[in-house]
Amino acid sequence: MYKSGGSTALKRLMTEYRELSLNAPEGITAGPISEDNYFEWEAVIAGPSDTPFEGGVFTATLSFPKDYPLNPPVMKFTSPMFHPNVYPNGTVCISILHPPGDDPNHYESSSERWSPVQSVEKILLSVLSMIAEPNDESGANVDASKMWREDRDQYNKVVEGIVAKSLGL
Amino acid sequence: MLIEETLEDPTDWPQDYVHLRHLDQQLRCPICKEYFVTAMAATECGHTFCSLCVRRCLSQESKCPSCRAPLTEGELFPNRLVDSLMRTFRSGRQQLLDTLTAKPEHMNLNSDDYCKRCHTKKENNDEQRKRPRVCTRSMRKADGKVDLTMPGVENITASDIEEMLKDEDSDFEPASNGNTTQKPNSLLAAANSVTCPNCKLPVTQSQINRHLDQCLSGKSTKPTVESMKKQFATAKPNKPIFMLNSQPAKFTLPRPTKLAYSLLSESKLRRTLKELGIPAKGDKQQMQARHIEWVNMYMANADSEIPVSHKVLLKRLAAWEEALGRQADKLDSTADSQEDHATKYADSFAELVAQAQANRKSLQSQ
């Protein structure tokens, strides 16, 4: 009946994994890399249709803090990514992944940020919509941001290259 | 994994029973996704969470985790109805799940088989029953619901259907269910009790005829206290999963209050922790985190209908700290921890000693 700090996180991650594996949203798969460690997940995201990312399959890791769900996980793409809201090292920068009270970019309203009632599923859905509609105000990858804003054709071309790479072509 | 096996979640319910899934989900805290433990509602927005969950969130940010409306701990009140709803649901959960998921063997056969089986039965009973026969099994959909839109069923009265269903139920009572049939169904018993028109006392429906005979003939004037007790013993509701503690919990430690940590020096904070009776090890950051958690645990325990003793609470604090991977004990190298270390790694030590001895021997022989 009682739950302590650490096992709250573990139990919640198990529940989320079970729910995700039983009914995952379209284009998303996610789960722990190893059953021994529920705090490191791998996610596979299919590039949303009607975007230059269509057809690509992107992998990412999710690292959960021990006090999850009080604080959000860190999401990092492990396959090559070129996107205004993804740092060149692969770390995803979207508001839902930012803990409450912490606003490194001073542009988000707190309503968009992480709250313990959010879930892995919501994060991945947000990432899907982020891929489809970049937010060039935050600009984690300055080159991608600039290209997306000023030279969309070039951006689409680079993204096509990324998609091909993600498929191992 | 052991924990995984005991994991209950809303997906346990068959997909046909969406409303049960939703009910299961709604009786869970949106933060920890488990059944509410001391449900607390926010006075302004009405969102409900476990006491400890919401207090942990509020010590990070003073906003409702669901709608982000401003919220402080003073604006929470216990939502006891949610607690009791959850308890009732949980006490019947397994029974309901078993009933819904256990399908009689013949349900797995295809529809032709149902009729074949009915057909044989029909031949046996034809002479006894004069009313038009309808295959009752084909009326039942796979999920066990009766489909009244089946052709040829229009002129059947409700009592007919009731009788048919009764037939079916008695036909397919699983043999393994001996336990449940012997066990008096408490809720049913309570619902089935009726008031005797003569002596105005509650009597179970099945007993009423016999009781009336006796009552009217004057044989049994009024049930004795003993017989009443017996009757209520069978009608007692199922034991809830979490029985109320009969022993009052012991509260030995003083009530903690939130502190302005930035204004406190490390030594002062350490003294406060000692006064509160909780471990005072580690650096300021660790002590601060421990104090916050302790205040939350203490307050959540005070909210609870079934508070635990502070000894139990201290154990939980230690478990919480361990789970976070913080080992405050590390800094404190007492003889105790050295002993622990020696016992914990006794095997490794023995192995190393053996290795060293073997090395020495091989060197000597060279």
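With 20 C-beta neighbours inside 10 Å, C93 of chain A counts as buried. The terms work like this: a residue is buried if 20 or more other C-beta atoms lie within 10 Å of its own, exposed if 12 or fewer, and partly exposed in between, with C-beta atoms placed from the backbone. C93(A) is also the residue that UniProt lists for "active site", in an unreviewed entry. UniProt positions are given in the numbering used here, feature names are shortened, and annotations may be inferred rather than shown by experiment. You will find C93(A) in the loop between β4 (74-77) and α2 (120-132) of chain A. Helices (H or I, at least four residues) and strands (E, at least two) are DSSP runs, numbered from the N terminus.

Before going on, a word about the model. This is a predicted model, in which local features need pLDDT of at least 70 and side-chain atom pairs count only at pLDDT 80 or more, while totals for chains, interfaces and linings use all residues. Residues are numbered from 1 along each chain as its sequence is written, and chains are lettered from A and ligands numbered from 1 in the order in which they are written.

Let us walk along chain A. Strand β1 (residues 28-34) of chain A pairs with strand β2 (residues 37-46) of chain A over six bridges, in the antiparallel sense; for strands to count as paired, DSSP must find at least two bridges between them. The two strands β1(A) and β2(A) make a hairpin, with two residues between them. Within this pairing, P32(A) stands opposite W41(A) in β2(A).

Is D50(A) buried or exposed? With 7 other C-beta atoms within 10 Å, D50(A) is exposed. Its backbone deserves a look: phi of D50(A) is near 65°, a positive value in a residue other than glycine. F53(A), by contrast, is buried, with 25 other C-beta atoms within 10 Å. Leaving aside residues up to four places away in sequence, F53(A) touches G47(A), P48(A), I131(A), V159(A) and V163(A). Contact here requires C-beta atoms, placed from the backbone, to lie within 7 Å. F53(A) and N156(A) are 103 residues apart along the chain, yet their C-alpha atoms are separated by 8.5 Å.

Further along, a cis peptide bond joins Y68(A) and P69(A), with omega about 5°. P69(A) lies in the loop between β3 (57-63) and β4 of chain A. Most residues other than glycine have a negative phi, and most peptide bonds are trans. Helix α3 (residues 142-150) of chain A has A144(A), S145(A), M147(A) and W148(A) as its buried residues, and these pack against α4 (152-166) of chain A.

Now turn to chain B. Chain B has 16 helices and five strands, and 16% of its 366 residues count as buried. UniProt places the feature "domain: RING-type", from an unreviewed entry, at residues 29-68 of chain B. Over residues 29-68 of chain B, the chain is 20% helix and 18% strand, and the end C-alpha atoms are 16 Å apart.

Three strands of chain B form an open sheet in the order β2-β1-β3, with antiparallel pairing. β2 (48-50) and β3 (76-78) of chain B stand at the edges, each with a single partner strand, so one side of each has no neighbour in the sheet. From one strand to the next, the twist averages 40°. Strand β1 (residues 39-42) of chain B is joined to β3(B) by three bridges, and M40(B) stands opposite P78(B) in β3(B).

Helix α3(B) lies across β1, β2 and β3 of chain B, running at about 100° to β2(B). Axes are lines fitted to C-alpha atoms, for helices over the stretch in contact, and angles run from 0 to 180 degrees between N-to-C directions. This helix, α3 (residues 51-58) of chain B, also packs with α13 (residues 284-303) of chain B at an angle of about 145°, their axes 9 Å apart. Which residues of α3(B) and α13(B) make the contact? S51(B), L52(B), R55(B) and R56(B) come from α3(B), and N296(B), M297(B), M299(B), A300(B) and D303(B) from α13(B).

Finally, R68(B) lies in the loop between α3 and β3 of chain B. R68(B) has a phi near 65°, a positive value in a residue other than glycine, and counts as partly exposed with 18 C-beta neighbours inside 10 Å.

Note on methods:
Two residues are in contact if their C-beta atoms, placed from the backbone, lie within 7 Å.
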